[in-house]
Amino acid sequence: MPLADIAEADLVTRRGTFRTVAFRDPSDGNEHLALVYGDSGKPRDVLVRVHSECVTGDIFAAMRCECGDQLDAALNAIVREGAGVLVYLRGHEGRGIGLVAKVRTHVLQDDHGLDTVDSATVLGFPVDDRDFGPAARVLKYLGIRSVRLMSNNADKIRSLEAHGVEVSSRVPLLVQATDHNIRYLTAKRDRLGHDLPHLPAPPRLGTAGG
Ligand SMILES: [Zn+2]
């Protein structure tokens, strides 16, 4: 289904001037945002990041996940390249379970040592409930035929392709591991299949607090 409720304007940011394309998706009802930088001059192989909203990481620079760092790195890469698109998807907190539920998982992670997967499933939530259809629809609206996707997540590529986006290549988006995010990153690698070759070998001890 095509997008109908759309507004566009220029947005001057610290990184430069982007074209904002705000839209309400007809399927999920959420308001999403695409930030378009430069003019690639071609509809193919456009550098794209499809970023799931994470208030704690994106806005408040939480260090337990890598979302904020990935958002920064993706925007920097797009500006460095001179053209690209960042699609910011709302309603994707905690891989789609919502903000309150996500914070509940943090309690289980901090107090009981569960990882990002088990802390969701123990509470009865799906491991990943995100719909990437809105991203596919806005990329189509923008006339983009194929993308070089900045992601470490093969599932995201499969989902976008299922929605009709041609992913011509994947660009790794690796964030430095720290004491704060290592358990989260390790769980993403070992349990969700993310390609994170920069991480050290899995920790042998189940350290408390993750
Ligand atoms: Zn996050």
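1. Let's start with burial. In this predicted model, 33% of the 210 residues of the protein count as buried. To be counted that way, a residue needs 20 or more other C-beta atoms within 10 Å of its own.

2. Next, the overall build. The protein has eight helices and seven strands. Its radius of gyration is 17 Å, close to the 17 Å that the globule rule gives for 210 residues, so the protein is as compact as a globular protein of that length. Along the principal axes, the C-alpha atoms fill a box of roughly 50 × 35 × 30 Å.

3. How much of the contact list comes from residues 24 or more positions apart? Taking the contacts with a separation of 6 or more, such pairs account for 61%.

4. Now look at the start of the chain. Strand S1 (residues 5–13) pairs with strand S2 (residues 16–24) in the antiparallel sense, over nine bridges. A hairpin of two residues links S1 to S2. To find your place in this pair, look for Glu-8, which stands opposite Val-21 in S2.

5. S2 also pairs with strand S3 (residues 31–37): the two run antiparallel and are joined by seven bridges. Here Arg-24 has Glu-31 in S3 as its bridge partner. The hairpin between S2 and S3 has six residues, and Gly-29 in this turn has a positive phi of about 80°.

6. Finally, the record. An unreviewed UniProt entry annotates residues 7–172 as "domain: GTP cyclohydrolase II". In the model, this span is 36% helix and 28% strand, and its end C-alpha atoms lie 31 Å apart.

Notes: Residues are numbered from 1 along each chain as its sequence is written. This is a predicted model: local features need pLDDT of at least 70, side-chain atom pairs count only at pLDDT 80 or more; totals for chains, interfaces and linings use all residues. Two strands pair if DSSP finds at least two bridges between them. Helices (H or I, at least four residues) and strands (E, at least two) are DSSP runs, numbered from the N terminus. UniProt positions are given in the numbering used here, feature names are shortened, and annotations may be inferred rather than shown by experiment. The radius of gyration is taken over C-alpha atoms; the globule rule is 2.2 Å times the number of residues to the power 0.38. A residue is buried if 20 or more other C-beta atoms lie within 10 Å of its own, exposed if 12 or fewer, and partly exposed in between; C-beta atoms are placed from the backbone. Two residues are in contact if their C-beta atoms, placed from the backbone, lie within 7 Å.
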